[in-house]
Amino acid sequence: MCILIFIGNNGETYFNTAALVSCVQNFPKSRGPVVGILKGFAGLSGAILTQIYAMIHSPDHASLIFMVAVGPAMVVIALMFIVRPVGGHRQVRSSDGTSFTFVYSVCLLLAAYLMGVMLLEDLVDLSHTTVMIFTGVLFILLLIPIVIPVSLSFFLDPRDPVEEPLLPETPEQEPGKSGQETPEVIFSEVEDEKPKEVDLLPASERQKRIAQLQAKLFQAAAEGAVRVKRRRGPHRGEDFTLMQALIKADFWLIFFSLLLGSGSGLTVIDNLGQMSQSLGYDNTHIFVSMISIWNFLGRVGGGYFSEIIVRDYAYPRPVAMAIAQLVMAVGHVFFAFGWPGALHIGTLLIGLGYGAHWAIVPAAASELFGLKKFGALYNFLTLANPAGSLVFSGLIASSIYDREAEKQAHGNNYLLQNSGSIFSGMFGLNEPLKCEGSICYFLTSLIMSAFCIVAVVLSMILVHRTKIVYANLYGKSRR
C-alpha cells in the first residue's frame, strides 16, 4: 500500500510538470496568468472529482479509488500528443490578454459554482437526478474554455501581425560569421564591463547605452583589437541547468523564501481542524472548505496581479511574493490571539497568501533561470513546501501543542492522575490529550509570523538583485 501511495502521489508531479512547463514555454510573455490558471484548476480538481463521484452514487470506496486511478490517466493519454511546446513565443497576439481574461472569468465562475453546489448538497438532501444535472452543468463549464482556440482557428486571419518576444537586443551578424556564439559572448562581456552608472539610467537610455557598447565590442573583436573572454556561466534571465542554478544566490533566496512562506501556510492547512477545535468551533469542515476556496483565489489572483506588477510597472515579480508573505504574517497574528472572528480572517489571509506563492514562484523562476531546464528547476523548488511543513508542523507545532495539552491535563486532572489506573480508565485519561484555547497555537503562530517576515526580507533582497533583469525584460513593453 505504501508503494502504491508513493507512486500515486509522484504521478501528480509528472502531470503538473508536463502541463506547466509546456504552457509556460508556449506563453512566455504571459507567465503569471498561465501559472495562475493552471494552479487554480489544480486546486479545484479535488472538488470536481468529488462531484463526479457523487453523480456515480456508489457506496463502494473501491469504485472511488478506481475512478481516481483510471479517470485522470485516460484524460492524460488522450491529450498527451496535444499538450506540448508549439513555439507559442512566435505566435504572441494582441488578443492574448482578452483570452486570458475570459479563462479567468470561467475559472472564477467554476469556483463559485462548485462552492454553491457543495453547500447545497451539505444542507439539503438532493435527489440523484438533481446531482446529475449539477454535474452536467459542471462539465459544460469545464468545456467552455475550448471556445477560445476554436474561435481563433475560424476567425483569426493568419496574416495578422504578431508581437516579437522580449529578448535582449543584439547587433546584426556579419556574413559568414557564426549566428550563435559571438553575440552571446559579447552580451556577457557588456554585462561584466559596463559602467555601474548605466544601471541607474532610465530603461530607454540604458538600452541605448548597452547597444552602443555592445556594437563597439563586436567591431573591436571582429578586427582583432580585443579578445572577448568567454563567460563561465549564464547570466540572470538566460537558460540555466539545475547544477548551474544551485550555485546561485538568487536560486536559494527563492527556495528559502518559499520554504518559510509556503511551509507556514501548509502547517495551518494541515492543522486547521485542530486549531478550530481548540478555539471552540464544532464544524471544522467549514474552515477547511473556506481555506480551499481562498487558496484557489490566491493562485488565480497571484498570477494576475504579479503580471500587472511586471508588465505595467517593470517591477521584479518577487515583489508580489513579498506582499503575499506579509499578508500571511498578519494572518498568523490573527490565529495567535484568537480574537472573535479571527479564525475567519486568518483563514482568508493565509489561504490567499499561500495560494499566491504557487502562481508567483514558477513564473519568477522561469524568468530568472530560463525555460530550457524549467521542469527540473521547478520541481526542486517544490521541495521547499514539504520541507517547511516538516519543520513547522512536524517539529514546532506538534511539540508546542502537546506541551500545552499536558499542562492543561496536569492542571485539571491532577488528583485523578494520582488515583490509580482504574479511575484513570473510568474518566478517560487514556484518551489522546486535547488542548483548548488560543494558547494552544499562540507561540506556534507567532513563530510562523516571524518566519514570514524573514521571508519578506529574503524576497526584497531578491527584488534588489533582479531589478535590472526585469527592467530589461519588461521595460521595453512599457515604451
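## Basis of the model

This is a predicted model, in which local features need pLDDT of at least 70 and side-chain atom pairs count only at pLDDT 80 or more, while totals for chains, interfaces and linings use all residues. Residues are numbered from 1 along each chain as its sequence is written, and side-chain values use heavy atoms, with hydrogens and water left out.

## Overall fold

The protein chain has 18 helices and 0 strands, where helices (H or I, at least four residues) and strands (E, at least two) are DSSP runs numbered from the N terminus. Of the 479 residues in the protein chain, 41% are buried; buried means under 20% relative accessible area, exposed means over 50%, and partly exposed lies in between, with a 1.4 Å probe and protein chains only.

Among the contacts in the protein chain with a separation of 6 or more, 82% come from residues 24 or more positions apart, a contact being heavy atoms within 4.5 Å. Two pairs of C-alpha atoms can be set beside this figure.

Rolling a probe the size of a water molecule over the atoms shows where empty space is left. In the whole structure, the search finds 2 cavities of 30 Å³ or more, a cavity being a set of points, on a 1 Å grid over the protein atoms alone, where a 1.4 Å probe fits but cannot get out. The largest cavity holds about 40 Å³ of space, the volume being the space filled by probe spheres set on the points, which are joined across faces, edges and corners.

The lining of the largest cavity consists of Met-275, Ser-278, Leu-279, Phe-335, Gly-437, Ser-438 and Tyr-441, lining residues being those with an atom within 4 Å of a point. These lining residues divide into 4 nonpolar, 3 polar and no charged, with Ala, Val, Leu, Ile, Met, Phe, Trp, Tyr, Cys and Pro taken as nonpolar, Asp, Glu, Lys and Arg as charged, and the others, Gly among them, as polar. Ser-278 lies in helix H10 (residues 249–278) and, at 6% relative accessibility, counts as buried. A polar atom of the Ser-278 side chain lies 2.6 Å from the backbone oxygen of Met-275. With neighbours within four places in sequence left aside, Ser-278 is in contact with Cys-435, Glu-436, Gly-437, Cys-440 and Tyr-441.

## Aromatic pairs

The structure holds 20 aromatic pairs, counted where rings of Phe, Tyr and Trp (its six-membered ring) have centres within 6.5 Å; planes under 30 degrees apart are stacked, over 60 edge-to-face and the rest tilted. One of them joins Tyr-313 and Tyr-315, whose ring centres are 5.9 Å apart and whose planes are at 15°, so the pair is stacked. Tyr-313 is partly exposed at a relative accessible area of 47%, and Tyr-315 is partly exposed at 46% relative accessibility.

The rings of Phe-392 and Phe-451 have centres 5.4 Å apart and planes at 65°, so this pair is edge-to-face. The pair links distant parts of the chain, 59 residues apart, with Phe-392 in helix H15 (residues 384–412) and Phe-451 in helix H18 (residues 442–478). Phe-392 is buried, with a relative accessible area of 2%, whereas Phe-451 is partly exposed, with 31%. Elsewhere, ring pairs link Phe-240, Phe-251, Trp-252, Phe-255, Phe-256, Phe-369 and Phe-380 into a cluster.

## Two further residues

Ala-314 has a positive phi of about 60° although it is not a glycine. Ala-314 sits in the loop between helix H11 (284–313) and helix H12 (318–337), and counts as buried at 11% relative accessibility.

Gln-325, found in helix H12, is buried, with a relative accessible area of 0%. Apart from neighbours within four places in sequence, Gln-325 is in contact with Ser-257, Gly-261, His-357, Cys-452, Ala-455, Val-456 and Ser-459.

Terms used:
On a 1 Å grid over the protein atoms alone, a cavity is a set of points where a 1.4 Å probe fits but cannot get out, and a pocket is an open set with protein on both sides within 12 Å along at least five of seven lines; lining residues have an atom within 4 Å of a point. A polar contact is a pair of N or O atoms within 3.5 Å; within protein, one must be able to donate a hydrogen and the other to accept it, and residues adjacent in sequence count only if both atoms are side-chain atoms.
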